Amino acid sequence: MNDMLRSISTDFDRRAGALRRSVSNELRFVRGWFQAPLRTGAIAASGRALAKRMAAYVDPAIDGPVLELGPGTGNFTRALIKAGISEDRLWLVEANPDFARHLRQVFPRATLILGDAYQPQTWRDKCPAKPFTAIVSGLPLLTQPRDKRRSLISECLDLSRPGASFIQFTYRTAPPLPGGHGLTARPGPVTFYNLPPARIWLYSKTAKALPVASL
Ligand SMILES: C[S@@+](CC[C@H](N)C(=O)[O-])C[C@H]1O[C@@H](n2cnc3c(N)ncnc32)[C@H](O)[C@@H]1O
């Protein structure tokens, strides 16, 4: 009987702890939005279903570091770790100092860079010599001019292994950046179980056509 009561009480404490953490993360996110709505890009963090789908595009069997841009309160980070990417393979670039402090506490083995993702020249020196396996982005891309979006995606893919994807989500029906100029854009699924529903887009470098051999 005592064992049963102890187990119920432990389970209750565990659930209460998880609920407290989740509420405090949501409050941190809302505060981030009030401080800088355009930079935060959403009033609530992405849901678990979207995070799981984003993470599923990163193959844990392919060795190498993974870059995450705009991790916020860490929902995609958590999903990546759950999907089998070890924490020490993660490089996180976050512009909000409050989110960055929180991420450093929760993911002490990941490399946290407090900085502007759109200026790779300011953070790429802190990145590993090895190319990235994939880039997962939670950035509100559409708040930036098209050229800036394009050069960010292109520069991140230049720091990655051949064939790597830049994984992005958007709340719009149109892609956050059309393909072209050396980039291929592929639509992924829509996650309806997210507020608001979101579509994933995958960007990669367009394969160069091989020269036709002359006879
Ligand atoms: C829409 S939230 C997404 C957060 C998280 N990935 C999620 O899905 O819940 C956008 C995140 O990008 C960060 N961010 C916005 N502009 C940034 C920039 N220029 N460099 C780095 N992070 C940026 C914000 O601070 C915020 O954490």
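Select F34 to begin: with a relative accessible area of 61%, F34 is exposed. Keep in mind as you click around that this is a predicted model.

W33 is partly exposed, at a relative accessible area of 28%. How do the rings of W33 and F34 sit relative to each other? A pair of aromatic rings is described by the distance of the centres and the angle of the planes. A search of the whole structure turns up 4 aromatic pairs. For W33 and F34, the ring centres are 5.3 Å apart and the planes stand at 75 degrees, so this pair counts as edge-to-face.

Next, show Y118 and K148. The charged end of K148 sits over the Y118 ring, 5.3 Å from the ring centre.

Now head to helix α1, which covers residues 2-35, and click on L5. L5 is partly exposed, its relative accessible area being 48%.

Last stop: N96, in the loop between β2 (90-94) and α5 (97-106). Is N96 buried or exposed? N96 has 3% relative accessibility, so it counts as buried. To see what N96 touches, select G32, R39 and L114; these are its contacts once residues up to four places away in sequence are set aside.

Terms used. Residues are numbered from 1 along each chain as its sequence is written. This is a predicted model: local features need pLDDT of at least 70, side-chain atom pairs count only at pLDDT 80 or more; totals for chains, interfaces and linings use all residues. Side-chain values use heavy atoms; hydrogens and water are left out. Helices (H or I, at least four residues) and strands (E, at least two) are DSSP runs, numbered from the N terminus. Buried means under 20% relative accessible area, exposed over 50%, partly exposed in between (1.4 Å probe, protein chains only). Rings of Phe, Tyr and Trp (its six-membered ring) pair if their centres lie within 6.5 Å; planes under 30 degrees apart count as stacked, over 60 as edge-to-face and the rest as tilted. A charge sits over a ring if NZ of Lys or CZ of Arg is within 6 Å of the ring centre and within 35 degrees of the ring normal. Contact means heavy atoms within 4.5 Å.
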